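Hi,

Here is the model you asked for. Please open it first; my notes follow below.

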Amino acid sequence: MKKLVHALVLTGLVGAPAFAMADEPASPHTLSANVSLTSNYVFRGISQTGGEAAIQGGFDYTHSSGFYLGTWGSNVGWLTEFQGYDSGSMELDLYGGYRNSIGDVSYDVGAIRYMYPGSKNNTNPANTTLPGAWTSEAYVSAGWKWFTAKYSYYLSDSVFGVGPNANGSYYFDLSGSLPVGETGLTLGAHWGTFHFKNVSTANYDDWKISAAYNMGKLGKLGDGVTLGVAYTDTNADKGFWTQGNGEYLGKGTTTVSISKAF
């Protein structure tokens, strides 16, 4: 952040006071926040809310060297409807890593912990053996201009409720994001594949096309506001990825969202 400073210089008995303005060095620390409302929380092709709306938000710290830390949260529905937990309606993520670029080539290396506060224990003995939902992921990505490839490797025994002995599972995805001139419109496309170790029926591919519009193009009131629409679909096995209420979590769906960055 640049600030205006005033310096009074004394130049002896015959000198006159002089004022100078100077810029302080830019801070290497950046704090930011975001909040969004979406008609359906879809993560890697799978609905986390069973087709219901979600409110989401997070905070990020970034250092000019490239190191970053952050946290993000959202409501979810699959813990009770799909996983069979007694309670649990929240996702909370903690992540950190290092990212930088060399010319048009960018890279990012980091780790994330997905946490789902809730309970799977009650008088039903079957619930005590349910796989855990909390998931640990390490990732690396590389980008060139508008294109990015990312590989995520899972370190936890269970991966988003799939397990046990699912450590070694992975997710690989390719994505592209293309700004349309100076219009404020950005078009996106994505394809990913999820492989769960020792649980092959959970494996699937997903794909998405999207568009996002920067509302700042319409005036100052729109600064930091983005409107988005996306269509996602998968080839996930219906027998595995259907909730107890009959909702298929991997079906094709259109999602609309609005977000604000601070």
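Lysine 251 is partly exposed, because its relative accessible area is 39% (buried is under 20%, exposed over 50%, partly exposed in between; 1.4 Å probe, protein chains only). Lysine 251 forms a salt bridge with glutamate 247, and their closest N and O atoms are 3.1 Å apart (Lys or Arg side-chain nitrogen within 4 Å of an Asp or Glu carboxyl oxygen).

Before you go on: this is a predicted model, so local features need pLDDT of at least 70 and side-chain atom pairs count only at pLDDT 80 or more, while totals for chains, interfaces and linings use all residues. Residues are numbered from 1 along each chain as its sequence is written, and side-chain values use heavy atoms, with hydrogens and water left out.

**Salt bridges**

How many salt bridges does a search of the whole structure find? The search finds two. Helices (H or I, at least four residues) and strands (E, at least two) are DSSP runs, numbered from the N terminus. Arginine 44 and glutamate 137 are both buried.

Look at aspartate 173 next. Aspartate 173 is in strand S12 (residues 170-179). Aspartate 173 is buried, yet has no salt bridge. Its nearest side chain of opposite charge is that of arginine 44, 5.6 Å away. For charge, Lys and Arg count as positive and Asp and Glu as negative; His and the chain ends are not counted. What does aspartate 173 touch, not counting residues up to four places away in sequence? It touches Thr148, Ala149, Lys150, His190, Trp191 and Gly192. Contact means heavy atoms within 4.5 Å.

**Asparagine 40**

Asparagine 40 lies in the loop between strand S3 (29-38) and strand S4 (42-43). Asparagine 40 counts as buried because its relative accessibility is 6%. Its side chain makes a polar contact of 2.8 Å with the side chain of serine 47. A polar contact is a pair of N or O atoms within 3.5 Å; within protein, one must be able to donate a hydrogen and the other to accept it, and residues adjacent in sequence count only if both atoms are side-chain atoms. Leaving aside neighbours within four places in sequence, the contacts of asparagine 40 are Ser47, Thr49, Gly51, Glu52, Ala53, Thr253 and Thr255.

**Backbone points to check**

The peptide bond from glycine 163 to proline 164 is cis, with omega near 5 degrees. Proline 164 lies in the loop between strand S11 (147-154) and S12. Phenylalanine 160 is also in the loop between S11 and S12. Phi of phenylalanine 160 is near 50 degrees, a positive value in a residue other than glycine. Phenylalanine 160 counts as buried because its relative accessibility is 10%.

Lysine 145 has a positive phi too, near 55 degrees. Lysine 145 is in the loop between S10 and S11. Its relative accessible area is 47%, so lysine 145 is partly exposed. Why list these? Most residues other than glycine have a negative phi, and most peptide bonds are trans.

**Serine 119**

Serine 119 is in the loop between strand S9 (105-115) and S10. With a relative accessible area of 25%, serine 119 is partly exposed. Serine 119 and tyrosine 85 are 34 residues apart in sequence, but 5.9 Å apart in space, C-alpha to C-alpha. Beyond its neighbours within four places in sequence, serine 119 contacts Tyr85, Asp86 and Ser87.

**Surface**

Val35, Leu37, Ile55, Leu227, Ile258 and Phe262 make a nonpolar surface patch of about 560 Å². Patch residues have over 30% relative accessible area and no salt bridge; like charges are joined within 9 Å, nonpolar side chains (Val, Leu, Ile, Met, Phe, Trp, Tyr) within 5 Å. One of the patch residues, isoleucine 55, lies in strand S6 (residues 54-63). Isoleucine 55 is exposed, with a relative accessible area of 57%.

**Overall**

The protein has one helix and 16 strands. Of its 262 residues, 34% are buried. Of the contacts between residues at least 6 apart in sequence, 49% join residues at least 24 apart. The accessible surface comes to about 14600 Å², and 64% of that belongs to carbon and sulfur atoms (Shrake-Rupley method, 1.4 Å probe; for residues, only the protein chains shown count as cover).

Best wishes
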